[in-house]
Amino acid sequence: MGERPPSSDRRPQRRREEVDQLGGEPVCWLPRVCPECGRLAENEPPTRCENCGTLITLD
Ligand SMILES: [Zn+2]
């Protein structure tokens with residue numbers, strides 16, 4: 001016990017810079033952007049783009 005290093009497994013996500021650029025808005029909407037037309041879906045994925053009907057997933 002005490003041999004393990006502190007929990008350095010947690011890699012800080014470098015999206016912070018993007019957040020700053022966006023004025024502090026959370027980036028949780030990024031997965032919502034339609035890969036086909038770029039429209040922002042109103043619902044969290046998986047959902048369908050209201051513009052073109054493309055299925056938006058978390059991938
Ligand atoms: Zn779309």
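## Report on a predicted single-chain model

L40 is partly exposed because 13 other C-beta atoms lie within 10 Å of its own; a residue counts as buried with 20 or more such atoms, as exposed with 12 or fewer, and as partly exposed in between, with C-beta atoms placed from the backbone. The model is predicted: local features need pLDDT of at least 70, side-chain atom pairs count only at pLDDT 80 or more, and totals for chains, interfaces and linings use all residues. Residues are numbered from 1 along each chain as its sequence is written.

One helix and two strands make up the secondary structure of the chain, in the order α-β-β along the sequence. Helices (H or I, at least four residues) and strands (E, at least two) are DSSP runs numbered from the N terminus. Of the 59 residues, 5% are buried. Among contacts in the chain with a separation of 6 or more, 4% come from residues 24 or more positions apart; a contact requires C-beta atoms, placed from the backbone, within 7 Å.

The loop between α1 and β1 holds both L40 and P46. Leaving aside residues up to four places away in sequence, L40 touches W29, R32 and V33. The peptide bond from P45 to P46 is cis, with omega near 0°.

| Element | Residues |
|---|---|
| α1 | residues 16-21 |
| β1 | residues 47-48 |

Terms used. Two residues are in contact if their C-beta atoms, placed from the backbone, lie within 7 Å.
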